[in-house]
Amino acid sequence: MKRYEAIWEIYNKCSNNQMRDVYIDEIEIEDPEEYVRHKFRDKVLEYDIIHKEDGSIVFEIMTSGMKQRMTFTEV
């Protein structure tokens with residue numbers, strides 16, 4: 001298992017509020033993609049994966065009409 005800092009951002013749908021909810025956690029997982037699929041297993045899920053130069057893995061997620069982002073950085 002690898003240890004990651006996981007940042008989960010949920011974009012606000014209200015046009016007058018540019019803030020987003022942000023949750024930060026350290027987790028031990030084998031596969032970030034499997035973690036994302038499991039987290040949203042009861043929803044229709046679409047996502048793109050971006051591999052950053054610093055080794056971070058970013059998931060641009062769309063589910064239930066909401067844009068979300070999960071970033072995993074190995075610690």
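Trainee: Which helices and strands does the protein chain contain, and in what order do they run?

Mentor: This predicted model has one helix and five strands in the protein chain. Starting at the N terminus, the order is β-β-α-β-β-β. The radius of gyration is 13 Å, close to the 11 Å that the globule rule gives for 75 residues, so the chain is as compact as a globular protein of that length. The C-alpha trace spans about 40 × 25 × 20 Å along its principal axes.

Trainee: What share of the residues is buried, and what share of the contacts joins residues at least 24 apart?

Mentor: Buried residues account for 27% of the 75 residues in the protein chain. Of the contacts between residues at least 6 apart in sequence, 42% join residues at least 24 apart. The accessible surface comes to about 5400 Å², and 47% of it belongs to carbon and sulfur atoms.

Trainee: How many positive and negative side chains are there?

Mentor: The protein chain carries 11 positive and 17 negative side chains, with the centres of the two sets 6 Å apart.

Trainee: How is a pair of aromatic rings described?

Mentor: Such a pair is described by the distance of the centres and the angle of the planes. The structure holds six aromatic pairs. In one of them, the rings of tryptophan 8 and tyrosine 23 have centres 5.4 Å apart and planes at 40 degrees, so the pair is tilted.

Trainee: Which parts of the chain does the pair of tryptophan 8 and tyrosine 23 tie together?

Mentor: Tryptophan 8 belongs to strand S1 (residues 2-11) and tyrosine 23 to strand S2 (residues 20-29), so the pair ties together parts that are 15 residues apart in sequence. Tryptophan 8 is partly exposed, with a relative accessible area of 22%. Tyrosine 23 is also partly exposed, at 43%.

Trainee: What geometry does the pair of tyrosine 35 and phenylalanine 72 show?

Mentor: Tyrosine 35 and phenylalanine 72 form an edge-to-face pair, with 5.8 Å from centre to centre and 85 degrees between the planes. The pair links distant parts of the chain, since tyrosine 35 lies in helix H1 (residues 32-39) and phenylalanine 72 in strand S5 (residues 66-74), 37 residues apart.

Trainee: Are tyrosine 35 and phenylalanine 72 buried or partly exposed?

Mentor: Tyrosine 35 is partly exposed, with a relative accessible area of 26%, whereas phenylalanine 72 is buried, with a relative accessible area of 0%.

Trainee: Which residues do ring pairs link into a cluster?

Mentor: The cluster consists of Tyr4, Tyr35, Tyr47, Phe59 and Phe72, linked by ring pairs.

Notes: Residues are numbered from 1 along each chain as its sequence is written. This is a predicted model: local features need pLDDT of at least 70, side-chain atom pairs count only at pLDDT 80 or more; totals for chains, interfaces and linings use all residues. Side-chain values use heavy atoms; hydrogens and water are left out. Helices (H or I, at least four residues) and strands (E, at least two) are DSSP runs, numbered from the N terminus. The radius of gyration is taken over C-alpha atoms; the globule rule is 2.2 Å times the number of residues to the power 0.38. Buried means under 20% relative accessible area, exposed over 50%, partly exposed in between (1.4 Å probe, protein chains only). Contact means heavy atoms within 4.5 Å. Accessible areas come from the Shrake-Rupley method with a 1.4 Å probe; for residues, only the protein chains shown count as cover. Lys and Arg count as positive and Asp and Glu as negative; His and the chain ends are not counted. The place of a charge is taken as NZ of Lys, CZ of Arg, CG of Asp or CD of Glu. Rings of Phe, Tyr and Trp (its six-membered ring) pair if their centres lie within 6.5 Å; planes under 30 degrees apart count as stacked, over 60 as edge-to-face and the rest as tilted.
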